[in-house]
Amino acid sequence: RGSLKERSFFPRRFRKFFMPVYIKLSVLLRKMVSDYDDEKGIVLENAEGKTVSKLMEELGIPNDKVFNVFVNQFPSKPNQVVKDGDVVMLGRVLGGG
């Protein structure tokens, strides 16, 4: 007969719900994305399985402009693969002296 999950009255297509990937940008990077929302950031559907650098490319943010990458508040690299529900923070260092 199958497991309880398989016998659910919901059709198979409704059993998995996707969560978006959230992108937060530092102030210096926000001007590169025209429709950036200061409260929500950027909400991307169907971004699971893509790397952070691929997401930056899709948003039009050059790799050489981003110096800090955090996924779920942990330091990461641009080749990090994101999952549904991840929060990606991209930062640019303002130098001076």
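Strands S1 and S5 run parallel and are joined by 4 bridges. They sit in a predicted model, where local features need pLDDT of at least 70, side-chain atom pairs count only at pLDDT 80 or more, and totals for chains, interfaces and linings use all residues. Residues are numbered from 1 along each chain as its sequence is written, and side-chain values use heavy atoms, with hydrogens and water left out.

**Overall layout**
- The protein has 2 helices and 5 strands; helices (H or I, at least four residues) and strands (E, at least two) are DSSP runs numbered from the N terminus.
- Going along the sequence, you get β-α-β-α-β-β-β.
- Of the contacts with a separation of 6 or more, 58% link residues 24 or more positions apart, a contact being heavy atoms within 4.5 Å.
- Buried residues make up 26% of the 97 residues, where buried means under 20% relative accessible area, exposed over 50%, and partly exposed in between (1.4 Å probe, protein chains only).

**The sheet**
- The 5 strands form an open, mixed sheet in the order S2-S1-S5-S3-S4; two strands pair if DSSP finds at least two bridges between them.
- S2 and S4 (74-75) are the edge strands, each pairing on one side only.
- S1 and S2 run antiparallel, with 3 bridges between them.
- On the S2 side, valine 21 stands opposite leucine 44, and isoleucine 23 has isoleucine 42 as its bridge partner.
- On the S5 side, tyrosine 22 stands opposite valine 87.
- Val21, Ile23 and Leu25 make up the covered face of S1, while Tyr22 and Lys24 are on the uncovered one.
- As a rule, side chains in a regular strand alternate between the two faces of the sheet.

**The core and helix H2**
- The largest nonpolar core has 20 residues, and those with the most contacts inside it are Ile23, Leu25, Ile42, Val52, Ile61, Val88 and Leu90; such a core is a set of buried Ala, Val, Leu, Ile, Met, Phe, Trp, Tyr and Cys residues joined through side-chain atoms within 4.5 Å.
- At least two residues of this core come from each of S1 (21-25), S2 (42-44), H2 (52-59), S3 (68-71) and S5 (87-91).
- H2 gives the most, with 4 residues.
- Buried in H2 are Val52, Leu55, Met56 and Leu59.
- They cover an arc of only 100° around the axis, so they end up on the same side of H2; that arc is taken over the directions from the helix axis to the C-beta atoms.
- The cover over these buried residues of H2 includes S1, S2, S3 and S5.
- Setting aside neighbours within four places in sequence, valine 52 touches Val69, Val71, Lys77, Pro78, Gln80, Val82, Val88 and Leu90.
- Glycine 60 follows H2 with a positive phi, near 85°.

- The average pLDDT is 82, and 79% of the residues score at least 70; pLDDT is the predictor's confidence in each residue, from 0 to 100.
- Residues 1-12 have pLDDT below 50, and beyond near neighbours in sequence this stretch has 6 contacts in the model.
- Where pLDDT is low, the predicted coordinates should not be read in detail.
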